[in-house]
Amino acid sequence: MYSEKVMEHFTNPRNVGEIPDADGIGEVGNPVCGDLMKIYIKVKDNVIEDIKFKTFGCGAAIATSSMVTEMVKGKTIDEALKVTNKAVAEALGGLPPVKMHCSNLAADALHAAIEDYKRKKERKDVAEQK
Amino acid sequence: MKRVYMDHAGTTPVRREVLEAMLPYFTERFGNASTIYSYGREAKSAIEEAREKVAHLIGADPREVFFTAGGTESDNWAIRGIAHANKEKGKHIITSSIEHHAVLHTCEDLEKEGFKVTYLPVDKYGLVKVEDVINAITDETILVTIMHANNEIGTIEPIAEIGKALKKLDRKIYFHTDAVQTVGKIPVNVDELGVDLLSISAHKIYGPKGVGALYIRKGTKIKPFMTGGAQENKRRAGTENVPGIVGFGKAAELAEKELMEQYEKLSYLRDKLIKGIMERIPHVILNGHPTQRLPHNVNVCFKYIEGESLLLNLDMKGICASSGSACTSGSLEPSHVLLAIGLPHEIAHGSLRLTLGRDNTEEDVDYVLEVLPGIVEKLRSMSPLFPSKGGN
Ligand code: FES
């Protein structure tokens, strides 16, 4: 039921793990089936230098997490924000209809990590100005 | 690659002896059993022979066995047939919250017609309490339907005790059990169980798909499920699936002959599998009753991981199993059985069911025990819920 690309990412997921001193962490739960995804980013000069994920979910959830990290690694924050769940699903050669919601998780977790990074950065900038 | 099939509660392969018994009834003995010439008589007597075999397996009179298109039809017929034939006596049905969907969705459908249904809770092992059944009875109750054993967690329900308690009442309440998982696996006798109706399926006992039976005790007031010709004593119209029924009969005969031998073999393998999993993998929960359980059923939850990714990994190693995870269900709801025994959503997520069969060997069990720990560990290392060592 899954494409070859999905199975390939599921079998050898890229960028699994945590970043201890991450600049941003996004954690998103899936209200549909109750899964959980966490994305860690390290940002330098507005570029996502490193990204890692952890996922508690189905094959599609794991594959989309892996794919989204691969798609945005080395990209600027603005470019990363443009990555949609649809783009992730397409890059994986499509997902079965019942699994489309899993790809939301990946894009949402990425966006949440970026939000977190921006918030932390703002706070730091304010603190530095004082 | 080595292939290990451990989903026998889902379906089983047709045994060679069964297939051989069926084959002539597709070709040279193709007759319609409702006709009077030789071809028809041949078919008719083959059906009656199969009926005797199925009846024998459950300790019934052959005249009380009616062939259907499978377990789901048998459940539908038993529940709707009793409800519709007895509604002037009352419109209340008692069932449990862990029944197969064939029972639950049929009951829900009857609710839309104005029937009242009580869905009894179960304890943490999945057991229905006899006193809960009795306490739920009202003046309106016409039917109690409780499964003989649960298809997911393997717990065997106290059907004989419920049957006894119902008999003590001063009023007749029909008693149905879905015995799809028990027939051919443990001894099943309709009189000892005290049931009026009992559902069976052929493909769970190495017979063909698309055939089953409903046992209906003599004197039971029930509506026919199909209307049309006079087949099955006018209770289930439609030209009989003769090859299927013959195969079902053969499968029943073999199941009865090998019951105890298989029971011992399967429970040995089951216990070895459960023990091996518990010893090799941390954070595991056994679902279902530790002893009052089907001989071929293993059902566990691995905390912090999800069932579909587990199944995909097992499949890559040639192991076929199933899970009650929401992600595998199509409806994206976790198994209602796992929720009913009190498991939280995220633990039900990591469920794995392995159901053994007659072709499984000790090497198969060893192979699963060799492969499974690594897969669980790999998925846990990817899980945000798993407490990582030295964490952050
Ligand atoms: S994460 Fe549950 S279906 Fe994909």
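Analyst: A salt bridge here is a side-chain nitrogen of Lys or Arg within 4 Å of a carboxyl oxygen of Asp or Glu. Both residues sit in helix α2 (residues 38-57) of chain B, four residues apart, or about one turn of the helix. An α-helix has 3.6 residues a turn, so residues three or four places apart point the same way. B:E49 is partly exposed, with a relative accessible area of 46%; buried means under 20%, exposed over 50%, and partly exposed in between (1.4 Å probe, protein chains only).

Some ground rules before we go on. Residues are numbered from 1 along each chain as its sequence is written, while chains are lettered from A and ligands numbered from 1 in the order in which they are written. This is a predicted model, where local features need pLDDT of at least 70, side-chain atom pairs count only at pLDDT 80 or more, and totals for chains, interfaces and linings use all residues; side-chain values use heavy atoms, with hydrogens and water left out. Helices (H or I, at least four residues) and strands (E, at least two) are DSSP runs, numbered from the N terminus.

The next pair reaches further along its chain. The side chains of B:D366 and B:K272 meet in a salt bridge of 3.0 Å, N to O. B:D366 is in helix α13 and B:K272 in helix α9 (residues 242-280) of chain B, so this pair links distant parts of the chain, 94 residues apart. B:D366 is partly exposed at 35% relative accessibility, and B:K272 is partly exposed too, at 24%. Elsewhere, B:R15, B:E17, B:E258 and B:R358 are linked in a network of salt bridges.

Over all chains, a search of the whole structure finds 35 salt bridges. One of them joins B:E308 to A:K99, with the closest N and O atoms 2.6 Å apart. This pair crosses between chains, from helix α10 of chain B to the loop between α4 and α5 of chain A. B:E308 counts as buried because its relative accessibility is 6%, and A:K99 counts as buried at 2%.

Now for the interface around that pair. In all, 24 residues of chain B are in contact (heavy atoms within 4.5 Å) with 26 residues of chain A. About 2,000 Å² is buried between the two chains, and carbon and sulfur atoms give 67% of it; this is the accessible area (1.4 Å probe) that two parts lose on being put together, summed over both. Between chain B and chain A the count is one salt bridge. Helices α10 (307-316), α12 (345-348) and α13 (362-381) of chain B each supply at least two residues of the side that touches chain A. Helix α10 of chain B gives the most, with five residues.
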